[in-house]
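Reader: Hi! I'm new to this one, could you walk me through it?
Author: Happy to, let's look at it together.

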Amino acid sequence: MTTKPKAAIKKTPGEASDSNQLKIKYDKVKSENRQLAEIGLSPTLLNAATASVFTKGIIGEIDLTEAVEVMQENANKINAGDLKALEATLSSQVTSLDTVFNALARRANNSDTLTKLETYMRLALKAQAQCARTIEVLAAMKNPPVVFAKQANITNGNQQINNGSLPSNSHAHAGKTVNQPNELLEVNHGSKAMDIGTTQTTSRKDKAMAAVETLDRG
């Protein structure tokens, strides 16, 4: 007994294929509206849907659910510190941008009008600038720049910071004390002034005699 082969199912134009249907797992804790909102605004879903539109003309229609899972796996690797996928993307884009630059430069060379020449050259130089920028980002990822931080002086207790500048006639050197000029103190009593600088100091001999007198009185 022979069996007849099954006829292939033909889909009418405009009918959604299974690859365009997103398969999701519902969470019992969250409401259905909440889950649909989270999925609809998910960056992995939005970018997977956008990527599937642009890759359709290259590799055909791809499964949306699988595309979302691939996007999520790449995001998980990056979050874990694995940047191999990003490095591969940037290195590939360098080649693509260089190809765009050369294609536009050749079109500019073959232009028959000055307007076309300027347009193609402007676009070519933009592609060249973006290519150089991509190379810089890739180089920074492979060899991160070293950051030198200034050392902060932290002291216990209160600290006074004088932001004012020293007088122009003073010269401060490391390890030396700057002596400011002493001002003349005067106490006015009517029309007379008392100069404290003329006061005589007690000599060592007078201090010794005063100490002896005090002891004798005791």
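Author: Let's start with a salt bridge between Glu-87 and Lys-142, whose closest N and O atoms are 3.6 Å apart. Glu-87 belongs to helix H4 and Lys-142 to helix H5, so this pair ties together parts 55 residues apart in sequence. Keep in mind that this is a predicted model.

Reader: Thanks! Is Lys-142 buried or exposed?
Author: Lys-142 is exposed, with a relative accessible area of 51%; the cut-off for exposed is over 50%.

Reader: And at what angle do H4 and H5 pack?
Author: At about 160°, with their axes 8 Å apart. The two helices are therefore roughly antiparallel to each other, and their crossing is left-handed.

Reader: Nice. How many salt bridges does the structure hold?
Author: Five. One of them joins Lys-116 and Asp-112, with 3.5 Å between the closest N and O atoms. Lys-116 counts as partly exposed at 41% relative accessibility, while Asp-112 counts as exposed at 62%.

Reader: What about Glu-136 and Arg-133, where do they lie?
Author: Both lie in helix H5, three residues apart, which is about one turn of the helix. Elsewhere, salt bridges that share partners join Lys-30, Arg-34 and Glu-38 into one network.

Reader: Changing topic: which residues form the nonpolar patch on the surface?
Author: Leu-114, Leu-117, Met-121 and Leu-125, with about 340 Å² of accessible area together. Leu-125 is found in helix H5 and counts as partly exposed, at 43% relative accessibility.

Terms used: Residues numbered from 1 in each chain as written. Predicted model: local features only at pLDDT ≥ 70, side-chain atom pairs only at ≥ 80, totals over all residues. Heavy atoms only, no water. Patch = residues over 30% accessible without salt bridge, like charges linked within 9 Å, V, L, I, M, F, W, Y side chains within 5 Å. Areas by Shrake-Rupley, 256 points an atom, 1.4 Å probe, with all protein chains shown as cover. Salt bridge = Lys/Arg side-chain N within 4 Å of Asp/Glu carboxyl O. Helix = DSSP H or I, 4+ residues; strand = E, 2+ residues; numbered from the N terminus. Buried < 20%, exposed > 50% of the residue type's maximum accessible area, 1.4 Å probe, protein only. Axes fitted to C-alpha atoms, helices over the stretch in contact; angles between N-to-C directions. Parallel < 35°, antiparallel > 145°, perpendicular 65-115°, else oblique. Left-handed = near helix turned anticlockwise from the far one by under 90°.
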